[in-house]
Amino acid sequence: MIMRKIFLCAVFASAIIFTLAPRAFAQDPNRLSTFKIQVWPEYDRPTVLVIIDGTLADKSNLPREISVLIPTPAELLVATYATPDGTSFAPEQPTKTKDLGDGWTSITFTINSPTFRIEYYHDALQGTADKTLNFAYKLFAPADSIAIEFQQPLRATNFATTPAMTATRTDTDGFKYFA
C-alpha cells in the first residue's frame, strides 16, 4: 500500500504540567530522570508501534514494581528492563493489567534495573491513502526530561507533524526520524 500523506499530532499535555512545578514532584518515588517515546506508524504492521523507554530517577529500592500506562485498546508487546550492563534488555516480564476506565490501562511489572521498556501496537491510524494519526500519551509519573520521536514510514510522502518537527536523522535502513 502506498501512503501519500501522514500527518501526526503530538499531544504531550502531561509533560507541560510536570515542568511547571518540578519541586512538587521532586520527591515522587516514581519520578523519571528520562522518558522517551518512539512512534513508528506502519513499521511492520498496518498499525502504530509505540516504544517507551524510561529511567527512574531513584535507582535504589530494586527490584520493584512499576506501572506504565498504555491506551486501553492497545496490544502490549513487551514489558521489560535493561540488563545490568545496559547493553540489552531482559526477557519479557509477566504483567498485571488494570483498565482505568478513562481510555488508559495500567501495565504493572517488576524491574531489576532503573531503565525499562514498554512496546505496544495501537490501531490509531485513520484514513486510507492520506492517513492521519492523532497521538496522545498520558504520562504516569513526573519526568525530568521528555523526548518524542516519530519514524516516517518508508513509502510515505508529504510526511508532516503538527507541531512541525524537522528530520533529525536517517538510519541505515532509510527511515527518517522527527523529534
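Biologist: Which residues form one aromatic cluster?

Modeller: Phe-35, Trp-104, Phe-116, Tyr-137 and Phe-140 form that cluster. This is a predicted model, in which local features need pLDDT of at least 70, side-chain atom pairs count only at pLDDT 80 or more, and totals for chains, interfaces and linings use all residues. Residues are numbered from 1 along each chain as its sequence is written, and side-chain values use heavy atoms, with hydrogens and water left out.

Biologist: What makes Phe-35 and Phe-140 an edge-to-face pair?

Modeller: Rings of Phe, Tyr and Trp (its six-membered ring) pair if their centres lie within 6.5 Å; planes under 30 degrees apart count as stacked, over 60 as edge-to-face and the rest as tilted. The centres of Phe-35 and Phe-140 lie 5.9 Å apart with 70° between the planes, so the pair is edge-to-face.

Biologist: Why is Phe-35 called buried?

Modeller: Buried means under 20% relative accessible area, exposed over 50%, and partly exposed in between (1.4 Å probe, protein chains only). Phe-35 has 1% relative accessibility and therefore counts as buried.

Biologist: How many aromatic pairs does the structure hold?

Modeller: The structure holds 9 aromatic pairs.
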